[in-house]
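User: I would like to go through this model with you in some detail, starting with the overall fold and then moving to packing and single residues.

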Amino acid sequence: MGYEFAEDVASTMLWLSNEKQQSEILLYGFSMGAMAVTTLINRNDLTDKLNESGINISKIILDSPVANVEKILSPKNS
């Protein structure tokens, strides 16, 4: 959950850096977006690309992240 969304967030940040010269970025993630941001900052492959491009994540706001992913992904007990 959030793994490929993290790649989308990183791609958007790279675009902002390349096209709009925006290197200081605040990340705000709501629900699944919060999971994407959390995944992004924990994936070395993505953070390495951002660091190489001079992108700095100045702040992170996680709003209403999913509290228990394991429970959500587990089959329901009947």
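The questions and answers below discuss the predicted model shown above.

User: In what order do the elements of the protein run from the N terminus on?
Analyst: The model is a predicted one, and the secondary structure of the protein comes to four helices and two strands. Read from the N terminus on, these elements follow the order α-β-α-α-β-α.

User: Which element of the protein has the lowest mean pLDDT?
Analyst: Across the protein the pLDDT averages 89, and 86% of the residues score at least 70. Where pLDDT is low, predicted coordinates should not be read in detail. Among the elements, helix α3 (residues 44-52) has the highest mean, 97, while the lowest, 65, belongs to helix α4 (residues 69-73).

User: How are helices α1 and α2 oriented to each other, and at what angle do they cross?
Analyst: The axes of helix α1 (residues 3-20) and helix α2 (residues 32-41) come within 8 Å of each other. Angles of 65 to 115 degrees count as roughly perpendicular, and α1 is therefore roughly perpendicular to α2, with a crossing angle of roughly 75°.

User: Which residues make the contact of α1 with α2, and how many of them are nonpolar?
Analyst: On the α1 side the contact is made by Tyr3, Phe5, Ala6, Val9, Ala10 and Met13, and on the α2 side by Met32, Ala36, Thr39 and Leu40. Divided by class, this contact has no charged residues and one polar residue, and the number of nonpolar residues is nine.

User: How are α1 and α3 oriented to each other?
Analyst: The axes of α1 and α3 lie 10 Å apart, and the two helices pack at an angle of about 5°. Because angles under 35 degrees count as roughly parallel, the description of α1 and α3 is roughly parallel.

User: How many charged residues are in the contact of α1 with α3?
Analyst: Here Ala6, Glu7, Ala10, Met13 and Leu14 in α1 meet Leu46, Lys49 and Leu50 in α3. The residues of this contact include six nonpolar and no polar ones, and the number of charged residues is two.

User: Which element gives the most residues to the largest nonpolar core?
Analyst: The largest nonpolar core consists of ten residues, namely Ala6, Ala10, Met13, Ile25, Leu27, Val37, Leu40, Leu46, Leu50 and Ile55. At least two residues of this core come from each of α1, β1 (24-30), α2 and α3. With three residues, the element that gives the most to this core is α1.

User: How far apart are the C-alpha atoms of isoleucine 61 and leucine 27?
Analyst: Isoleucine 61 lies in strand β2 (residues 56-63), and, residues up to four places away in sequence not being counted, isoleucine 61 touches Leu26, Leu27, Tyr28 and Gly29. Leucine 27, with its neighbours within four places left aside, is in contact with Val9, Met13, Val37, Leu40, Ile57, Lys59, Ile60 and Ile61. Although isoleucine 61 and leucine 27 are 34 residues apart along the chain, their C-alpha atoms are separated by 6.2 Å.

User: Is alanine 34 buried or exposed?
Analyst: Alanine 34 is found in helix α2 and, leaving out residues up to four places away in sequence, touches Gly29, Leu62, Asp63 and Pro65. Its C-alpha atom is separated by 7.8 Å from that of isoleucine 61, which is 27 residues away along the chain. Since buried means under 20% relative accessible area, alanine 34, at 0% relative accessibility, counts as buried.

User: What is the phi of glutamine 21?
Analyst: Most residues other than glycine have a negative phi. Glutamine 21 is found in the loop between α1 and β1 and is exposed, with a relative accessible area of 61%. Although glutamine 21 is not a glycine, its phi is positive, at about 50°.

User: What is the relative accessible area of serine 31?
Analyst: Serine 31 is placed in the loop between β1 and α2, and its phi is near 55°, a positive value in a residue other than glycine. Serine 31 is partly exposed, and its relative accessible area is 26%.

How values were computed:
Residues are numbered from 1 along each chain as its sequence is written. This is a predicted model: local features need pLDDT of at least 70, side-chain atom pairs count only at pLDDT 80 or more; totals for chains, interfaces and linings use all residues. Side-chain values use heavy atoms; hydrogens and water are left out. Axes are lines fitted to C-alpha atoms, for helices over the stretch in contact, and angles run from 0 to 180 degrees between N-to-C directions. Angles under 35 degrees count as roughly parallel, over 145 as roughly antiparallel, 65 to 115 as roughly perpendicular and the rest as oblique. Contact means heavy atoms within 4.5 Å. Ala, Val, Leu, Ile, Met, Phe, Trp, Tyr, Cys and Pro count as nonpolar, Asp, Glu, Lys and Arg as charged, and the others, Gly among them, as polar. pLDDT is the predictor's confidence in each residue, from 0 to 100. A nonpolar core is a set of buried Ala, Val, Leu, Ile, Met, Phe, Trp, Tyr and Cys residues joined through side-chain atoms within 4.5 Å. Buried means under 20% relative accessible area, exposed over 50%, partly exposed in between (1.4 Å probe, protein chains only).
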